[in-house]
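Here are some exercises to work through with the model open beside you. Try each one before reading its solution.

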Amino acid sequence: MKHYVDNFAHDSLPDVTLQPDYIFPSAEFQQPEMLNCVERLLDYHIANGHGDTSCLQTFDESWTYQDLYEKANQMAHVLVENLGLKSGNRVLIRSANNPMMVACWYAILKAGGIVVATMPLLRSKELTTIIDCAEISHVLCDDSLIEEMNLVKSPFLKSVSFYEKLKTLMAGKPKDFTNYHSKSDSVALIGFTSGTTGLPKMTAHYHKDILNICEAFPQYSLQPTAEDVFTGSPPLGFTFGLGGLVLFPMYFGASTFLIEKPTPDLLLKAIQDYKVTICFTAPTAWRIITTKVKEYNVSSLRKCVSAGETLPMKVWEDWYKATGLKIIDGIGATEMLHIFISSNEENMRPGATGLAVTGYEAKIVDKKGNEVATDEAGRLAVRGITGCKYLNREEKQKEYVENGWNLTGDIFKKDEDGYFCFVARGDDMIISSGYNIAAIEVESVLLTHDEILECAVIGLPDEERGMLVCAYIVLKDHSKAQDETAKTIKDWFKEVAAPYKYPREIRFLEALPKTETGKIQRFKLK
């Protein structure tokens, strides 16, 4: 039996022999054969009489579970009846974190579609690449992002719809909807992950994966209840943000406070005014928030989660001194869907990322896949309830999965007590302010500039952002190697690509260091 009418995603999955081993250690992770994850995350609360419970809040509006349920159902009708969505079609959502984005997310799965959520900062070139790679047929887009969206041209696109028009179409639709009968291993979402090659990688996750992560990290580290109020800064286009701001709170019947542009002051104001209890953000934000926290009342806060880049010991200590709260560090990956190594109140060890959370196991291996000695640096390998499933990228699948284990590209050590400690990234990924930026992506953009002959991009350590994007550039006319030119290149970059990727540091060289075969020696630049 086929999962969908449009079977692109399933036909693009790696062969089962190339997929990682999956481990389901207890009954909570055993899902039925037929499963649409929305039924447990949303419909369940209505069926159990909790429709009037607060679900989504912003500074401007408040939705109950019943509100979200009805709007998601109406949107599902629009997708099927007005926009011609067929089961298995990929649907891109382009929006900041707001209730309408969450309604769209649920509606797509209710209608049998596959969600591809993106960040609002992406430009038309990047959006086009995503749409072409995933053969996306439909786009749901916030009206505030209309300009860049209108520049996208793709033969796969059948429909681009903006929120205001969608709301008009929704108004006349029924408030109930029969969910598509997907299977537990039907693809529910595709997450795009930056890589060290030009094309982004598509990683697929099933309906059962979405529910299983709700029994893993949150149960292990957060112990959520229906009384909790979640907030945070990561975009819902990141699986870190999706889990922390939608999946986890709604699995436990809690509520979420969404902020479209989450500055440190707005995060603190939300915590104070809306009695937030659990906050997800990146180390960079925790550092800045620490300097302002005395200006706000954050007494409601009970759990603080950091991920996206390694958490510096000083940031942890400064926050603890200022608030008495311990930041829970964690490492996850788009390929794994969410956090798989972390800690909780009982087992936290400052300076260590933590232990494998319930549902996962991890080890440190050498280049041959053999486990290394205690306190020896090596490659982090993990397996459990989720795993890497790259679409149409067999060569990358073989790199990420070895002998059934997922190799994350991170270098870690494991101490004698089994705690995992971050050492370094194992590739040319730059993690700045929680954003994953592939060096080669930045280079690819820079090389389209008329004045640039060659370039090489590296990450520089930075106290504020974790790492800075630094570009070494060889100009066609070296006499133009001046500060003014550097500023012009930076401004241009922010116009043609996502601004968070732009090189904050530009250094001009007459020539790049190279091997005899012409390969750039990035280690010399570092």
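**Exercise 1: a helix pair**

I210, L211, I213 and C214 in α8 meet L247, F248 and Y251 in α10, where contact means heavy atoms within 4.5 Å. Residues are numbered from 1 along each chain as its sequence is written. The model is predicted, and local features need pLDDT of at least 70, with side-chain atom pairs counted only at pLDDT 80 or more.

Task: describe how α8 and α10 cross.

Solution. Start with the axes, which are lines fitted to C-alpha atoms over the stretch in contact: those of α8 (residues 207-214) and α10 (residues 239-251) come within 9 Å and cross at roughly 75 degrees. That makes α8 roughly perpendicular to α10, a class covering 65 to 115 degrees. Next, sort the contact residues: seven are nonpolar, none polar and none charged.

**Exercise 2: cysteines**

Task: find how many disulfides the model has.

Solution. Apply the rule that a disulfide is a pair of cysteine sulfur atoms within 2.5 Å; the count is zero. For C37, the nearest cysteine sulfur belongs to C214, 8.6 Å away. C37 counts as buried because its relative accessibility is 0%, and buried means under 20%.

Notes. Heavy atoms only, no water. Axes fitted to C-alpha atoms, helices over the stretch in contact; angles between N-to-C directions. Helix = DSSP H or I, 4+ residues; strand = E, 2+ residues; numbered from the N terminus. Parallel < 35°, antiparallel > 145°, perpendicular 65-115°, else oblique. Nonpolar A, V, L, I, M, F, W, Y, C, P; charged D, E, K, R; others polar. Buried < 20%, exposed > 50% of the residue type's maximum accessible area, 1.4 Å probe, protein only.
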